[in-house]
Amino acid sequence: LPPPQPEVISPLYDRLATLPRGAVVSLPMARHHPLPWYDADYEWYATRHWQPIVNGYSRFEPPGYADLAARMTAFPRNEALDALCGLDVVYVVVHARRPTADLREAIAAASEVTRLRRIARSGEDVLYGLSCS
């Protein structure tokens, strides 16, 4: 096999650094996937913006994280957005294609959701602002 290619951090994470402080969730979450360590990438990406993040990966899983990850599979439906609002999440980064999920249909559906405001796009990936009022 050829050597792995270096990981490229989406410019959406650089864009987050220019926005007012607010909690960020990156989707898809890999919690219920056989490759859960992909969530560790989001911790690395956060070094571009230093906003508080919902995602992470470690030996310790905080209470409620498994339930949250399950709810995120419903994105962009209200079930997922309400869960994020309960955590005071302000920004949502959605990666269209990751080894753990394909969210292109979710991104297309999100364009019809008034609670989500598209802030930026990079390729197929999108950064949204979430309205919880």
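D14 is partly exposed, with 34% of relative accessible area (buried is under 20%, exposed is over 50%, and partly exposed is in between, using a 1.4 Å probe and protein chains only). This comes from a predicted model, where local features need pLDDT of at least 70 and side-chain atom pairs count only at pLDDT 80 or more, while totals for chains, interfaces and linings use all residues. Residues are numbered from 1 along each chain as its sequence is written, and side-chain values use heavy atoms, with hydrogens and water left out.

So what does D14 do with its side chain? D14 forms a salt bridge with R48, and the closest N and O atoms sit 3.3 Å apart (a salt bridge is a side-chain nitrogen of Lys or Arg within 4 Å of a carboxyl oxygen of Asp or Glu). This pair ties together distant parts of the chain, 34 residues apart: D14 belongs to helix α1 (residues 11-16), and R48 to the loop between α2 (40-45) and α3 (65-72). Helices (H or I, at least four residues) and strands (E, at least two) are DSSP runs, numbered from the N terminus. R48 counts as partly exposed too, because its relative accessible area is 37%.

How many salt bridges are there by this rule? The count is six. Another one joins D41 to R98, with 3.0 Å between the closest N and O atoms. Here again distant parts of the chain get linked, since D41 is in helix α2 and R98 in strand β3 (residues 97-98), 57 residues apart. Are D41 and R98 buried or exposed? Both are buried. D102 and R104 also form a salt bridge, their closest N and O atoms being 2.4 Å apart. D102 is partly exposed because its relative accessibility is 43%, and R104 is partly exposed at 37%. As a general point, side chains of opposite charge can pair when their charged atoms come close.

Next come the strands. Strand β2 (residues 89-94) is largely enclosed by the rest of the structure, because five of its six residues are buried. Strand β1 (residues 23-27) runs parallel to β2 and pairs with it over five bridges (two strands pair if DSSP finds at least two bridges between them). Within that pairing, V24 has Y91 of β2 as its bridge partner. β2 also pairs with strand β6 (residues 125-130), this time in the antiparallel sense and over four bridges.

Finally, the aromatic rings. Rings of Phe, Tyr and Trp (its six-membered ring) pair if their centres lie within 6.5 Å; planes under 30 degrees apart count as stacked, over 60 as edge-to-face, and the rest as tilted. By this rule there are four aromatic pairs. In one of them, the ring centres of Y42 and Y45 are 5.9 Å apart and the planes meet at 70°, so the pair is edge-to-face. Y42 and Y45 both sit in helix α2, three residues apart, or about one turn of the helix. Y42 is buried at 2% relative accessibility, and Y45 is buried at 1%. Y45 also pairs with W44, and this pair is tilted: 5.8 Å centre to centre, with 45° between the planes. W44 itself is partly exposed, because its relative accessible area is 41%.
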